[in-house]
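Me: Hi! Could you walk me through this one? I'd like to start with the charged pairs and then move on to the fold.

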Amino acid sequence: MTHRLAAALLSTALLTAGTAVVAPVAHADSPGCVTRKEFRKVGEGMGMKKVHAVFDTAGRRVAKDSQDGLTIETRRYSTCSGDGGVGVLFRNGRLSSKSGSF
C-alpha cells in the first residue's frame, strides 16, 4: 500500500513538474508584427487563435458581420518590415483567405 501511494505521489509530482517544464510558453520571435516566415506558416482552415499564436499578435479587427449562421471577420496585422501589411479573412473563425505586402 505504501509503495502504491509513493508511486502515485511520484507520478503526480513528475506529471506536474513535467507540465511546468514542458508547457509551451509564448516566446514571441516578432511580437506585435508579422514576418514573411510567419505569413507563410498560416493557411486556409486554420483557426483564428492559432493564426494569432503564429503571428504573435491578434492584430486589429477591420470588419465583422454575422448573418444566417455565417460570421465573416477581417483582421489587419502590421508587418515587421514596417512597410505594407497583412490582411486575413476569417469565416466562422477559420482562415479563408490572406494577403500580404512586405
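**Salt bridges and fold**

Me: How many salt bridges does a search of the whole structure find?

Reply: The search turns up three salt bridges, a salt bridge being a side-chain nitrogen of Lys or Arg within 4 Å of a carboxyl oxygen of Asp or Glu. Please keep in mind that this is a predicted model, where local features need pLDDT of at least 70, side-chain atom pairs count only at pLDDT 80 or more, and totals for chains, interfaces and linings use all residues. Residues are numbered from 1 along each chain as its sequence is written, and side-chain values use heavy atoms, with hydrogens and water left out.

Me: Which residues do the salt bridges join into one network?

Reply: R75 pairs with E73, with the closest N and O atoms 2.5 Å apart. K64 also meets E73, at 4.0 Å from N to O. R61 is another partner of E73, the closest N and O atoms being 3.4 Å apart. E73 lies in strand β2 and R61 in strand β1, so that pair ties together parts twelve residues apart in sequence. Strands here are DSSP runs (E, at least two residues) and helices are runs of H or I (at least four), numbered from the N terminus. Through shared partners, R61, K64, E73 and R75 form one network.

Me: Is E73 buried or exposed?

Reply: E73 is buried, at 7% relative accessible area. Buried means under 20%, exposed over 50%, and partly exposed in between (1.4 Å probe, protein chains only). R75 is buried too, at 10%, while R61 is partly exposed at 47% and K64 is partly exposed at 45%.

Me: Nice. Changing topic, what's the order of the strands in the sheet?

Reply: The order is β1-β2-β3-β4, in an open sheet with antiparallel pairing. Two strands count as paired if DSSP finds at least two bridges between them. The edges are β1 (60-67) and β4 (94-101), each pairing on one side only. Inside the sheet, β2 (residues 70-77) and β3 (residues 85-91) share six bridges, and T74 has L89 in β3 as its bridge partner.
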